[in-house]
Amino acid sequence: MNEEDTDRTAERAGLLKRSPRVQRIDGPRKRLLVFTLSSGGTTFCLAVDGDGRLGTLDGRLKGDPADAFVMRLRKLIGRATLVAIEEHQDGPRTQTRIRFRGLGSEVGGAPSEMVLSAEDGELRLRRLPDGAPLAGQRRFAAVTPPETWTEVASIPAFTKPKVEPVAVRNRKLLERARKRLAKKLAKIEADAARVEDAPGLRLEADLLTAALSSWPSDALRHEVLDWTTDQPRVLELAAGETPSLRADRLYRRARKLERGAKIALERAAVVRATLERVDGALASDHADAARTMLQSLGIRVEGQSLPKKNRATGRRPDRVFRTDGERTIRVGRSARDNDLVTQSAKPHDLWLHARGVTGAHVIVPLGKREVCPSQLLADAAMLAAHFSESARELRVEVQYCRRHQVRKPRKAPPGLVTVQQERVLLVEMRQPRIRWLLEQEVR
């Protein structure tokens, strides 16, 4: 490795935004170590030889198997963080040393800093700041304090990015949430606008019904008089379709559009109200406005401390309610409990949650290929709405699906899941029924 390789190492390292972690350590040649480092989604290989010279490689080298020295390094600095690459004056010569910060499980159990350097043509790993030897290719005769290091150059190879204030990051999260809500509102309004096709469908169905007696047998086209325009109009049927069957289908489509428009308008009102609250939080000068709004939307905020798991209490993570027919409904107590309740459910169980707001995960135990009874579904949906932020609303949207259609994203905060092929039920909050359900809790 020449000076060009060393410059290339420093140049590549300077481009990285975070201190890299050691992914792998290999010793493919005698007096040569290769570190596979990863940072910010970028992986590269850093090589160091017995003279302390550095270089980068396009990939791992194949060669000798790991010896005792490499295995020792893997225990000490495997998964450690590379802090810096430094140059120190060691007598008449300049020596390159690589500093690592690890968990220190092999050196006392406390976070430790270690330095790898070339000594007498061999690589050595020492602990900072006392310089105690940790690993080397030859056995140490005695532990001696290190010589005084006079730093002549420090290469800030890996620097962390400038961190924005928490309030700024929370505001950005809220702005992204607003964009999602705006897209959702536009989609709902587009669904509601489809009701404009209903009068045309009903008119065609009426014309078909009026022409039943005059429609030629086995004919797929027939001309009738449109009484709304006093003009002839040609009606068509699909293959194997009769005029009465076609009229029934058009009536059903019109009714479906009208029902869907009514539900879409109610959903749009809820989303529009949420958007107004978000706009108010964005316009507010209060420092915690964005944080409070994010929490109400069920989005984890920056700086939010997550509750620690309490395994000592042994309490149940769910509340169990017994309904008609001795059927049970399980309701999570908290965000972390929601994860436990969902994970413990069987794949064919029914999963419910109030849509678009924070709330409890609700599980209805079912048998394989069993269809949930309508009353049981309504009770579970009312409990999901009651144990959510929408408990005081008259109507609440509740999403439901089978448990196997619920996924927990990697590194997601407690309680956050994604749902595939969800169905939405608009629940009317009937307080007498809810009070009865709460009285059926199994203590």
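The largest nonpolar core in this predicted model has 27 residues; a nonpolar core here is a set of buried Ala, Val, Leu, Ile, Met, Phe, Trp, Tyr and Cys residues joined through side-chain atoms within 4.5 Å. Buried means under 20% relative accessible area, with a 1.4 Å probe and protein chains only. The residues with the most contacts inside this core are Ile-329, Leu-350, Leu-352, Val-364 and Val-398. Elements that give two or more residues to the core are β14, β15, β16, α8, β17 and α9, and α8 gives the most, with eight. Helices (H or I, at least four residues) and strands (E, at least two) are DSSP runs, numbered from the N terminus.

Residues are numbered from 1 along each chain as its sequence is written, and side-chain values use heavy atoms, leaving out hydrogens and water. As the model is predicted, local features need pLDDT of at least 70 and side-chain atom pairs count only at pLDDT 80 or more, whereas totals for chains, interfaces and linings use all residues.

Apart from that core lies another, of 26 residues, among them Phe-35, Val-48, Leu-123 and Leu-125.

I turn next to a hairpin. Strands β3 (42–49) and β4 (54–57) pair in the antiparallel sense over four bridges, where pairing requires at least two DSSP bridges. Leu-46 stands opposite Thr-56 in β4. Four residues separate the two strands, and Gly-52 in the turn has a positive phi of about 85°.

Finally, helix α3. Its buried residues include Leu-173, Leu-181 and Ile-188, and what covers the buried residues of α3 includes α5 and α6, through contacts of heavy atoms within 4.5 Å.

How values were computed
Buried < 20%, exposed > 50% of the residue type's maximum accessible area, 1.4 Å probe, protein only.
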